[in-house]
Amino acid sequence: MAKRDYYDILGVNKNASEAEIKKAYRKKAIEYHPDKNPDNKEAEAKFKEAAEAYEVLSNADKKARYDQFGHQAFEGGGGFNGGGMNMDDIFSQFGDIFGGAFGGGGFSGFGGGGQRRVKGSNLRIRVKLNLEEIANGVEKKIKVKRKVQAPGTTYKTCSTCNGSGQVTRIANTILGRMQTSAPCNVCGGAGQVIDKKPADADAQGLKISEETVSIKIPAGVVDDMQLKVSGKGNEAPGNGIPGDLIVVIEEEKHDKLQREGDNLHYDMYVSYPEAVLGTSKEIDTVTGKVRIKVEAGVQSGKILRLRGKGIPSINGYGRGDLLVHVNVWTPKTLSKQQKEFFESMQNDEHFEPKPDSSDKSFFEKVKDMFS
Ligand code: ZN
């Protein structure tokens, strides 16, 4: 099913301010909230859709990506950030939006006012990758300090809400008596509180643990891309669910290869005699060194294209190319004998520039390449 435009979903225009986007989302969230629309799948879908739109449009970075690339900005499969949101994500967003206006910033959630599972916080780490690792994909083992449930911690049913996680209040309003329920503020909606905990645990019964997390990074990632490893963030107390580990990719500069999207560029230098006589040269690629042939009479500025020697597409189809730029090195100093030789060639017809269509200018070639 094609996704609807995020601006359309919230009913705002593209120039809407942060405050307008927030206001529009509040309105939609209240309209489609599950408490107001029990057992209404359509409302639930709209509620989720609005939350996802707000997730993106409320974040300057994500909004800029969406404005430029549309929904494709967040499509990549394999656990990437963006995409669909689960209910825990949505409810955790509400703290910012409603600022406690709904009693602790929560609602009862789906499924008939049951317990709300508390989610642990997310962790963020940066991972440096070199170009070879990016081109081939890599599995990284990373040390992460995360909060885990301290062994020996025990829980008991919350006596304030009797384990339901909800506190019901009756309010008299101009519309009559209304029953509202809000998460229990003693147990935070979990329905459980700590009974016993070891001395080294914090107030939530958690302690810091250093763990090695293995992360499979697919080929083709780009600088600043975020990968989500579900459940490897901080754990939550009791029956809560762990947060996520957000891995931020940092691409290291390669000393010979320059990346441009999925294509790579390499500057190759040949000497004057090599350009005139032809040669073969060893160059760096992301899969090791390769030897390439340079034809006699090659012009400076010529681009040799090695198909498929670039970076694989992150979407899983195709690979970029390696573009080798030929640079003829002109000597700056000459021996007396060499100087005499070139002087004697000044009026030689072989040294007269005669560019034809195969010797197009650099700009024309670049234009061809991308057209
Ligand atoms: Zn409680």
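Two strands count as paired if DSSP finds at least two bridges between them. Keep that in mind as we tour this predicted model.

**Stop 1: the sheet.** Select valine 127, then look across to its bridge partner, isoleucine 249 in strand 9. Now widen the selection to strand 1 and strand 9 (residues 245–251): they run parallel and are joined by seven bridges.

**Stop 2: the zinc ion.** Which atoms hold the zinc ion? Select Cys158, Cys161, Cys184 and Cys187: the SG atom of each coordinates the zinc ion, at 2.3 Å. The angles among these four donor atoms are 102 to 115 degrees, and the site is tetrahedral. For comparison, the ideal angle for four tetrahedral donors is 109.5 degrees. Along the chain, the donors follow the spacing C-x2-C-x22-C-x2-C. Cysteine 158 is buried, because its relative accessible area is 1%, and cysteine 161 is buried too, at 6%; the cut-off for buried is under 20%.

**Stop 3: helix 2.** Select residues 18–31, a helix of 14 residues that reaches 20 Å from its first C-alpha to its last. Colour Ile21, Ala24, Tyr25 and Ala29, which are buried. They cover an arc of only 135 degrees around the axis, so they lie on the same side of helix 2. Finally, turn to the face pointing away from that buried side, where you will find the exposed residues Ala19, Lys23 and Lys27.

Key
Residues are numbered from 1 along each chain as its sequence is written. This is a predicted model: local features need pLDDT of at least 70, side-chain atom pairs count only at pLDDT 80 or more; totals for chains, interfaces and linings use all residues. Side-chain values use heavy atoms; hydrogens and water are left out. Donors are N, O and S atoms within 2.8 Å of the metal (3.2 Å for Na, K and Ca); water is not among the atoms, so sites may look incomplete. Four donors count as tetrahedral if all angles lie between 85 and 135 degrees; four count as square planar and six as octahedral if opposite donors are over 155 degrees apart and all others between 65 and 115; anything else is irregular. Buried means under 20% relative accessible area, exposed over 50%, partly exposed in between (1.4 Å probe, protein chains only). Helices (H or I, at least four residues) and strands (E, at least two) are DSSP runs, numbered from the N terminus. The expected span of a helix is 1.5 Å times one less than its number of residues. The arc is that of the directions from the helix axis to the C-beta atoms.
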